[in-house]
Amino acid sequence: MSSEKTLRKLLFSIATLEELGEVLSSQQEFQENMRMSLFSVMGSLPVSKGALFLFDPRKRKLCLEASRGLVLDGDEQIQLTGKMVELLRVRKKAVVAGGSPVRMAPFLKRAGKVFEDVRAEIIMPLNFRGELIGIITLGRKFNGEPFTVEDFDLLGIMANYIAIGIHNQDLFRSLESSNKALRRKASENKKLFRNLEGLYHDTIKALGAAIDAKDPYTRGHSERVACFAEVIAVRLGMNKLHVAAVRIASHLHDIGKIAIDNSVLLKPSRLNEQEMDQIHRHPTISYDILSNIKFPYPDVALIARHHHEWVNGSGYPDRIKMDGLNTGMKVLSLADAFDAMTSDRPYRPALGLDIALKEVWDNVYRQFDPQVSQAFFEIMQDEIEGNVTKPTIIPRIRSRYSPQKIKGLLWKVTQDLSMRPPPAEA
Ligand SMILES: [Fe+2]
């Protein structure tokens, strides 16, 4: 799949997950929620035939809850054996009907009638905390193409969402008896569902990687920048929500590069003025794309827009100075610049770590915020001195360095920054 196509698909996936989250946490009729959830899954792949079955553990049956594109009588049930339940319960990935593992064969055979009708290509179990909740079965893709790895990834994420949503709604439904303890549990569960950062984050990460894939020089860039930015944001004491916003913005900050011509993006020599203008448009385009997505974190699109601003106001696109930039923007700006310096570029090889650190140091108050820089250097110092058990930045640095030399340099920098007064305004 081309990187543009992958990008479009992933953007669509984020929007779908958002929508799905809203559907599943809304108070509307359970059956309607299930129908909408199934339609979301079908629309995102997309397929024309599909069905969602819920598992009744007492009768050990899968019961049809929603379907589309099928002539079913609405009362379809699939009796399972204990062995089949066990197989589906532990299965984390979709089962491809044609290439199913031998162990799944009896299940597929028994469920033949329904799956024949769906022309089932995929059976995705819905599991929550080791319990089988149901299954989704899907027919062929509209365009007749085979399902891709990305399709399976997205399906896995959506199935998790739906399984948790069903479990949660089940709890709410049993609340009719107004059991207080149960109500508390259900609301906790609802929170859990809403905070399923991990799943959401996986999609964002995949999107970041797809952005980087457009340019071989930036492979892994978004992932590294997100790691650097997150650890700096945490060190600065930013709250969880803002840290997540910085992390997501870091993964997606360069998404606007999809609109920049490859001949400019990958040009190995100096860019002319026109080409430079093109490059300078990417943060605004990133903003335009991201501002259409409803992120559950504050200012993601804005943070991405301002990742090339300098604190002295000579960055782009809006030439905003220190006070106009929030901490998230300043963190991303430093993390991004540092990774760019320590990575190969089409027009130059990676700078040595000592040179990159000096570059950041020289540009404090000019390009970089002093507090953010101080936090960054302190983290580096802790990591290189072995004061942290799980270092984040050092293992991801791509240029060579001598630890002894870097230790000395970092000591000097942190001393200097803690003493240095801000420069007088020009
Ligand atoms: Fe950028």
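Predicted model: local features only at pLDDT ≥ 70, side-chain atom pairs only at ≥ 80, totals over all residues.
Local features were taken where pLDDT is at least 70 and side-chain atom pairs at pLDDT 80 or more, whereas totals for chains, interfaces and linings use all residues. Residues are numbered from 1 along each chain as its sequence is written.

Six strands form an open antiparallel sheet in the order β3-β2-β1-β6-β5-β4, where strands (E, at least two residues) and helices (H or I, at least four) are DSSP runs numbered from the N terminus, and two strands pair if DSSP finds at least two bridges between them. Because β3 (77-79) and β4 (95-96) each have a single partner strand, one side of each is left without a neighbour in the sheet. Strands β1 (residues 50-56) and β2 (residues 61-68) are joined in the antiparallel sense by seven bridges, with L54 opposite C63 in β2.

The axes of helices α16 (residues 353-362) and α18 (residues 403-419) come within 10 Å and cross at roughly 5°, axes being lines fitted to C-alpha atoms, for helices over the stretch in contact, with angles from 0 to 180 degrees between N-to-C directions. The two helices are therefore roughly parallel, a term applied to angles under 35 degrees. L353, D354, L357 and W361 of α16 meet K405, I406, L409 and V413 of α18, contact requiring C-beta atoms, placed from the backbone, within 7 Å.

The largest nonpolar core has 52 residues, a core being a set of buried Ala, Val, Leu, Ile, Met, Phe, Trp, Tyr and Cys residues joined through C-beta atoms within 7 Å, and buried meaning that 20 or more other C-beta atoms lie within 10 Å of a residue's own. A second, separate core of 37 residues includes M42, V47, F55 and L132.

Notes: Buried ≥ 20, exposed ≤ 12 C-beta atoms within 10 Å, placed from the backbone. Parallel < 35°, antiparallel > 145°, perpendicular 65-115°, else oblique. Contact = placed C-beta atoms within 7 Å.
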